[in-house]
Amino acid sequence: MVLTSSLTAARRRVPGISYLPPSHALPSISDGLRNEESPAFNVLDLYVPSDGPPPTADVPLLIFVHGGAWRSNSPAQFVGVAEGFLSQGFGVAVVGYRLSVQQPTGGGAARVSHPNHVEDVAAGVAWILAQCAGEAAKDGAISNNSVAANLIRAWNPTRVFLAGHSAGAQICSLLSLRPHYIQTALLRLGDNLQVPWERIRGYIGIEGIYDIPLLVKTYPAYRDWFIVAAFGNDGDDRWIDGSPTYAATNELDARASHLIIFSENDELVDLAQSESWFQCLNSEKKRRIDAAVKNATEWDIKMDSSLHSKHDEVLLDPEFFKIVGEWINQKG
């Protein structure tokens, strides 16, 4: 699948940027892995306006994590999505991750499986946050792509947003729930980096998967199609561990807003998934309000179900980009 768009936003694209530090060695194709399981997929594509970095530090940077059932797609296939966000005035980074494509004989989890997808995206996000903060030159964490690093440093590190579609929404939601993923990735970049994970201003889940047992109950065919490869067989703890709705919510940062987007004509993931995550977030908000936690009442959690496109076509819908653009610009 390649998502292209009729939008003609003038942009500069820097593709295939490796976000792994040299010290973070992963198995490669030479170890018998397929390309999709190797560091070749630990890359991001960066998009900026064609006339260079933004003129002010107020321009948001949107990090987009693609879907594909944890088994398909790469950043290069989402040029149209990046251009749609770019047309809203944002810088865009599309982050890739290794995929669950090769199961052992007899079935079971693939060699790349949960939590590897989350760990990979956390590494990409950490690299971007470090670049934004101008921290990348410390402790040997200098980027292997100086052009991309210099472009990213032009953005305000306090205006970074993280968005994910389908399986990508599951990954982003877990990053919001479990800050240790990004913190660990930052430590790999350098022991003395001053880049708190709270720099992420907001999370956007687009037609996401948030409850894996419920997903399989609703769509039994998904079990053998992709769930077992990504999370293991029935009864594997990773079905629960990989479901944001089952996770502890006490580490959620109320300074980071949440936008959940669902299209009523989504033919692959039903409304119950988005509703379960929305209810989970609001339950945590209510708990904090009842406990008189400071600023709990101002925690911004919103769900939008006004779109009418199919699952993948949402990412080409001009109304989708408008919704996201208006929400981000409201964050100040």
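## Close-up views of a predicted model

**View 1. Pro 115 lies in the loop between strand E4 (91-95) and H2.** Helices (H or I, at least four residues) and strands (E, at least two) are DSSP runs, numbered from the N terminus. A cis peptide bond, with omega at about 10°, joins His 114 to Pro 115. As background, most residues other than glycine have a negative phi, and most peptide bonds are trans. This is a predicted model, in which local features need pLDDT of at least 70 and side-chain atom pairs count only at pLDDT 80 or more, while totals for chains, interfaces and linings use all residues. Residues are numbered from 1 along each chain as its sequence is written, and side-chain values use heavy atoms, with hydrogens and water left out.

**View 2. The chain as a whole has ten helices and eight strands.** Of the 332 residues in the chain, 58% are buried, where buried means under 20% relative accessible area, exposed means over 50%, and partly exposed lies in between (1.4 Å probe, protein chains only). A contact means heavy atoms within 4.5 Å. When contacts in the chain between residues at least 6 apart in sequence are considered, 80% of them join residues at least 24 apart.

**View 3. Helix H2 (residues 116-132) packs against helix H5 (residues 180-189), their axes coming within 8 Å and crossing at roughly 60°.** The axes are lines fitted to C-alpha atoms, for helices over the stretch in contact, and angles run from 0 to 180 degrees between N-to-C directions. H2 and H5 are therefore oblique to each other, given that angles under 35 degrees count as roughly parallel, over 145 as roughly antiparallel, 65 to 115 as roughly perpendicular and the rest as oblique. The crossing of H2 and H5 is right-handed, a crossing being right-handed if the near helix is turned clockwise from the far one by less than a right angle, and left-handed if anticlockwise. From H2, the contact draws on Val 118, Glu 119, Ala 122, Ala 123, Val 125, Ala 126, Trp 127, Leu 129 and Ala 130, and from H5 on Tyr 181, Ile 182, Ala 185, Leu 186 and Leu 189. Sorted by class, this contact of H2 with H5 has 13 nonpolar, no polar and one charged residues, where Ala, Val, Leu, Ile, Met, Phe, Trp, Tyr, Cys and Pro count as nonpolar, Asp, Glu, Lys and Arg as charged, and the others, Gly among them, as polar.

**View 4. Helix H1 (residues 79-86) packs with helix H10 (residues 318-330) at an angle of about 50°, and their axes are 9 Å apart.** H1 and H10 are therefore oblique to each other, and the crossing in which H1 passes H10 is right-handed. Gly 80, Val 81, Gly 84 and Phe 85 of H1 meet Phe 320, Phe 321 and Val 324 of H10 in this contact. By class, the contact of H1 with H10 has five nonpolar, two polar and no charged residues.

**View 5. Helix H7 (residues 222-231) is largely enclosed by the rest of the structure, because seven of its ten residues are buried.** The buried residues of H7 are Tyr 222, Phe 226, Ile 227, Val 228, Ala 229, Ala 230 and Phe 231, and what covers them includes H2, helix H4 (167-177), helix H6 (212-218) and helix H8 (238-241). Just after H7, Gly 232 takes a positive phi of about 95°. H4 is itself mostly covered, with eleven of its eleven residues buried; among them are Gln 170, Ile 171, Cys 172 and Leu 177.

**View 6. Ser 166 and Glu 207 each take a positive phi, of about 60° for Ser 166 and about 45° for Glu 207.** Ser 166 is found in the loop between strand E5 (160-165) and H4, where it is buried, with a relative accessible area of 8%. Glu 207 lies in the loop between strand E6 (200-206) and H6 and is buried, with a relative accessible area of 0%.

**View 7. Val 48 belongs to strand E2 (residues 43-49).** With 1% relative accessibility, Val 48 counts as buried. The C-alpha atoms of Val 48 and Arg 11 are separated by 5.5 Å, although these residues are 37 residues apart along the chain.

**View 8. Two cysteines, Cys 132 and Cys 280, are buried.** The relative accessible area of Cys 132 is 6%, and Cys 280 has 14% relative accessibility. With a disulfide taken as a pair of cysteine sulfur atoms within 2.5 Å, the count comes to zero disulfides.
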